[in-house]
Amino acid sequence: MAGSMAGMTAVICTYPLDMVRVRLAFQVKGEHTYTGIIHAFKTIYAKEGGFLGFYRGLMPTILGMAPYAGVSFFTFGTLKSVGLSHAPTLLGRPSSDNPNVLVLKTHINLLCGGVAGAIAQTISYPFDVTRRRMQLGTVLPEFEKCLTMWETLKYVYGHHGIRKGLYRGLSLNYIRCIPSQAVAFTTYELMKQFFHLN
């Protein structure tokens with residue numbers, strides 16, 4: 001629950017930046033709707049409903065973030081406890097701040113973090129596809145069929161199916177997500193030792 005709430009809070013605070021990033025990244029050479037970041041902010045505000053225009057696609061993001069963060073933290077915690085209880089000498093070592101506490105070895109931490117990220121990403125990925133489609137909004141020709149989260153999910157599933165629709169691009173996302181989560185969880189565990197929190 002704590003992981004889910006932390007993730008959702010971060011998303012709500014940074015969502016307008018992500019919206020502008022997606023719009024700028026989607027522009028095709030020669031067909032620039034926006035001249036830069038400030039222009040994109042002004043245009044979205046003026047033409048897409050003011051402040052609420054920056055939050056188009058927020059619902060699938062929140063619904064995807066909750067399971068992503070929750071499953072990620074839960075999976076990592078489960079892998080850590082199961083590993084340390086079943087193979088403490090193989091997978092663990094004494095914590096540098098408290099030798100009575102076992103922690104995962106660094107390479108095992110990286111592995112568990114990567115697995116946790118992959119599982120969480122797989123579960124929440126259809127929401128990510130929905131969010132991106134909704135963020136692009138008027139840029140896509142079929143945008144009027146993708147105004148709400150449910151309409152967008154139905155449209156993507158109906159026209160492209162599961163593998164080529166709801167999970168399109170997942171393998172590329174693993175390239176970013178797995179190392180990112182591996183490093184994030186390993187850093188988290190190392191910082192707990194550094195600040196003597198074990």
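This is a predicted model: local features need pLDDT of at least 70, side-chain atom pairs count only at pLDDT 80 or more; totals for chains, interfaces and linings use all residues.
Me: How do you know which residues make the contact between domain 1 and domain 2?

Reply: Contact means heavy atoms within 4.5 Å. The contact takes 14 residues from domain 1 and 15 residues from domain 2.

Me: What is the area buried between domain 1 and domain 2?

Reply: About 1,400 Å², with carbon and sulfur atoms giving 72% of it. Buried area is the accessible area (1.4 Å probe) that two parts lose on being put together, summed over both. On the domain 1 side, M8, Y15 and F26 lose the most, together 32% of what that side buries.

Me: Why is R23 called buried?

Reply: Buried means under 20% relative accessible area, exposed over 50%, partly exposed in between (1.4 Å probe, protein chains only). R23 has a relative accessible area of 1%, so R23 counts as buried. In the protein chain, buried residues make up 43% of the 198 residues.

Me: What makes R23 and E48 a salt bridge?

Reply: The rule asks for a side-chain nitrogen of Lys or Arg within 4 Å of a carboxyl oxygen of Asp or Glu. The closest N and O atoms of E48 and R23 are 2.7 Å apart, so the pair meets the rule. E48 lies in the loop between α2 and α3 and R23 in helix α1, so the pair ties together parts that are 25 residues apart in sequence.

Me: How many salt bridges does this rule count?

Reply: The count comes to eight salt bridges. One of them joins E189 and K80 at 2.8 Å, N to O. E189 lies in helix α8 (residues 170–194) and K80 in helix α3, so this pair ties together parts that are 109 residues apart in sequence. Both E189 and K80 are buried. Another joins R133 and E142, with the closest N and O atoms 2.4 Å apart; these two residues are buried as well.

Me: How many salt bridges cross the interface of domain 1 and domain 2?

Reply: The rule finds one. R131 also forms a salt bridge with D18, with 2.8 Å between the closest N and O atoms. D18 and R131 belong to a network of salt bridges that includes R21, D128 and R132.

Me: What makes a group of residues a nonpolar core?

Reply: A nonpolar core is a set of buried Ala, Val, Leu, Ile, Met, Phe, Trp, Tyr and Cys residues joined through side-chain atoms within 4.5 Å. The largest one has 17 residues, of which V11, I44, L58 and M65 touch the most other members. The elements α1 (2–26), α2 (37–47) and α3 (58–86) each give two or more residues to this core; helices are DSSP runs (H or I) of at least four residues, strands (E) of at least two, numbered from the N terminus.

Me: Why does this core lie between domain 1 and domain 2?

Reply: Both domains give residues to this core, so it lies between them. Apart from its neighbours within four places in sequence, L58 is in contact with V11, I12 and Y15.

Conventions
Residues are numbered from 1 along each chain as its sequence is written. Side-chain values use heavy atoms; hydrogens and water are left out. Domain bounds come from an automatic or database domain assignment.
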